[in-house]
Amino acid sequence: MAEQIVVGYDGSENSDRALDWAIREAGGLGGELKVVVSMGRPVAVDPSLYGPFLEAIEQETDRVAGAAVARAREAGVAAAGALERGDAAGVLVHGSDSAAALVLGRRGRRGVRGRLGSVSAAVSAHASCPVVVVPERWDPRARAARGAGPFAGRVVVGVDRLGRDNPAVAAAARHAGRHGTGLTLVMVVPEATSVPTGSADLDRAVHEQLTGPARALVDQVAEAVREDCPGLDVETYVFSGEPAERLVEAGRTAELVVVGSRGYGGFRGLLMGSVSQAVLNEAESPVMVVPTRGKG
């Protein structure tokens, strides 16, 4: 059975970017694209009074979905539209159960510039499959024009204490392998000290005490990935500082940044970690959030 990519679409410019990304992904996988358009929550109204208004909404929704499906088919991708009644986030989360990936723009029609939209935030936190959020600044041509760099054109994944057990690592490696890009594993440790001790040797010792175990862990993860994915180009970096800032910086030239949702089960398992939220808010590249509920 062909893998299904689901894209949330509302006809806005941001959802157009998400549609473009989803079409490329479905085409590269030889998969199917499902375009989901929500007509909003159902309301109980008198059809004799509001029937024409509701019919107009349904016709417009059908037109929006049809236009998106036509674009996908013109690109040679098998696609179908789905008109849904209900809260947009809830509809998409429900559809994530059978999807290989779910794609949407960072902000919808009523989003606030520079911040993660309510639908994007809810879906990224609750979906059961990887969610790719495409930012409004995403432009693969502009990114390519920026030239070379350590992360240019690569898939970048944040490594944390879960190491190879974090599903985000496997998802990133799978995406990089399918698309023929390199994979970069990034681990970030706290700054050794904001105030020098006055001893260069002591400063180096403190720094190594923090970075040494991180290097060992990220190297172990890289070795495991190379065993699982022979031939995949894998690089590793250990940085000091704030994890979100480093991943956002990498995303300025990266093809994709991958993070785990950092859920732990129960109510907290429905919430994203602060790093994931910050990266989704600020990244200039598409960001894949991979569910990690029950881990850790």
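**Exercise 1.** Find the elements against which the buried residues of α3 pack, and state which residues of α3 are buried.

*Solution.* The buried residues of α3 pack against strands β1 (4-8), β2 (32-38), β3 (78-84) and β4 (101-105), and against helix α4 (118-126). Contact here means heavy atoms within 4.5 Å; helices (H or I, at least four residues) and strands (E, at least two) are DSSP runs numbered from the N terminus. This is a predicted model: local features need pLDDT of at least 70, side-chain atom pairs count only at pLDDT 80 or more, and totals for chains, interfaces and linings use all residues. Residues are numbered from 1 along each chain as its sequence is written, and side-chain values use heavy atoms, with hydrogens and water left out.

Next, in α3 (residues 88-95), Ala89, Val91, Leu92 and Gly95 are buried (under 20% relative accessible area, 1.4 Å probe, protein chains only). Seen down the axis of α3, these residues fall within an arc of 165°, so they line one face of the helix; the arc is that of the directions from the helix axis to the C-beta atoms.

**Exercise 2.** Describe how α8 and α9 pack, and list the residues that meet.

*Solution.* Start with the geometry: α8 (residues 243-250) and α9 (residues 274-282) pack at an angle of about 35°, their axes 9 Å apart. Axes are lines fitted to C-alpha atoms over the stretch in contact, and angles run from 0 to 180 degrees between N-to-C directions.

Then list the residues: Pro243, Ala244, Leu247 and Val248 of α8 meet Val275, Ala278, Val279 and Glu282 of α9.

Conventions: Buried < 20%, exposed > 50% of the residue type's maximum accessible area, 1.4 Å probe, protein only.
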